[in-house]
Protein chains: 2
Amino acid sequence: MTTEREFLDGYDPREFPPVAVTVDVVTLTVRDGVLHVLLVDRAQHPFAGRRALPGGFVRESETLAEAAMRELAEETGLRPGEGQLGAVHLEQLASYGDPGRDPRMRVISVAYLAFAPSLPDPRAGGDAAGAAWVPVSEAAGLAFDHDAILAAGLDRARAKLEYTPLATAFVPAEFTISELRAVYAAVWGEDLHPGNFHRKVLSVPGFVESTGETASRGGERGGPRARLYRAGDARLLHPALLRPAREDGVR
Amino acid sequence: MTTEREFLDGYDPREFPPVAVTVDVVTLTVRDGVLHVLLVDRAQHPFAGRRALPGGFVRESETLAEAAMRELAEETGLRPGEGQLGAVHLEQLASYGDPGRDPRMRVISVAYLAFAPSLPDPRAGGDAAGAAWVPVSEAAGLAFDHDAILAAGLDRARAKLEYTPLATAFVPAEFTISELRAVYAAVWGEDLHPGNFHRKVLSVPGFVESTGETASRGGERGGPRARLYRAGDARLLHPALLRPAREDGVR
DNA sequence: CCATGTTGTTCTCAGGTTGAGTATTACTCG
DNA sequence: CGAGTAATACTCAACCTGAGAACAACATGG
């Protein structure tokens, strides 16, 4: 904010230092059991040829979230929404503003985090020639400080799976328990005990609710047809689905 | 961020729209068992006479975190650090940039959250004439969108007490288990079972470590002298200290 | 200095949750 | 049709939790 006091006898004689505000979007999805992030190829000079998170300037009339949604839609053709098929969950991640993070000028970037169900390749669609889904394990050496932003997004995603029903944003509107389990496995990078996962998911009130139906066929390699569920109305998971503990304490 | 593509054939003809970037700091402390936030009085026109979070412009050569630390130091005389007496924990909270949130111009504010041990009144110190610790229950009707920022800070603080040793940032370097419990009670707004809290804190590896010593006297209203502890080296609490469940599910 | 009430610390115990393993059955593919 | 796989349901021991009680060490006010 800006107190009037600061505004008048401000420390900086200039009215305001030249700053640009941008948004960058970490968009995650699970394809074929592997966590992917949406990246674009940079053509021009700072970091030319490197990959980067999609992003751009915040326009004068839009909110930060609107700018993030616009950037996301431009790259993927998605329409972020809140409940329909193809809906995308979008939330603010953090802001990055170290002097020198962009060699051209002072740029403050507000990073957003988006979760999408499995989607077609963005190349197929609009003007986003250089956009592609990249497995997070191969997404290193990004432009600017985007490696750090991506890492923060992954941390946040992994943590939010524990205590929110966010995993349902990665699957279609109707899904099976094992599809949900595959999301957890992909994001956390470790397999989960099928029986315990099943018990846990069904015991958390409001996490999933049964459609009376059953999948039209069994798994690819066999097994019975699984029951179908849709996302419930819970916003917080109680009790939480805690991931197996790593090296505790100092970390 | 800012792709060169955007930079060149950008949507906005001007080089960059006029934007100011500020930091606002939500500084929390526990005094006499009550959670307080540091606020300043606004003298000049937008929201004159209202209270607001301390904040100000980000200077050209400093990082966002440095700007937040500077604002905090200016208002309190504190020196944020990481382990000494009077150390203050500082972390980024979120950014706020709706058009119109400041009536004068487009202002993007990066909010920070700080946790301090009980401190003397800021009035005593430097040039911060209008700064004061205010119980959070009385901190409503703040300037700009600071009510929302404060609410976000409180949410974050309450959540982080569960799975991080953050409570130790609210107490002196050496403290008793019940002083720690008083912090949880103040931040969460509910009393905790002393016996269970004791057991839990001591069972989490790295949360606290014993100094061999004992408090110099018992409680104000009686009771034995408690043992003294200092913060351990854990950064994450495993298992977490979960607060009693509220209204589950829909929330 | 004594009676009273308060508090730090340790136990106990019943109930719930967890991880790991097993059983059963319904599917797939070749 | 046979072999392998996966969805779902159980079992069981280990652990954690909330609630309560026990007890000793203290402060305070007469």
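B:Asp32 is exposed, with a relative accessible area of 80% (exposed means over 50%, buried under 20% and partly exposed in between, with a 1.4 Å probe and protein chains only). In this predicted model, local features need pLDDT of at least 70 and side-chain atom pairs count only at pLDDT 80 or more, while totals for chains, interfaces and linings use all residues. Residues are numbered from 1 along each chain as its sequence is written, chains are lettered from A and ligands numbered from 1 in the order in which they are written, and side-chain values use heavy atoms, without hydrogens or water.

B:Asp32 sits in the loop between strand S1 (20–31) and strand S2 (34–41) of chain B (strands are DSSP runs of E with at least two residues, helices runs of H or I with at least four, numbered from the N terminus). Its phi is positive, near 50°. A:Phe47, also not a glycine, has a positive phi of about 65° and counts as partly exposed at 26% relative accessibility. Most residues other than glycine have a negative phi, and most peptide bonds are trans. The bond from A:His238 to A:Pro239 is cis, with omega near 0°, and a cis peptide bond joins B:His238 and B:Pro239.
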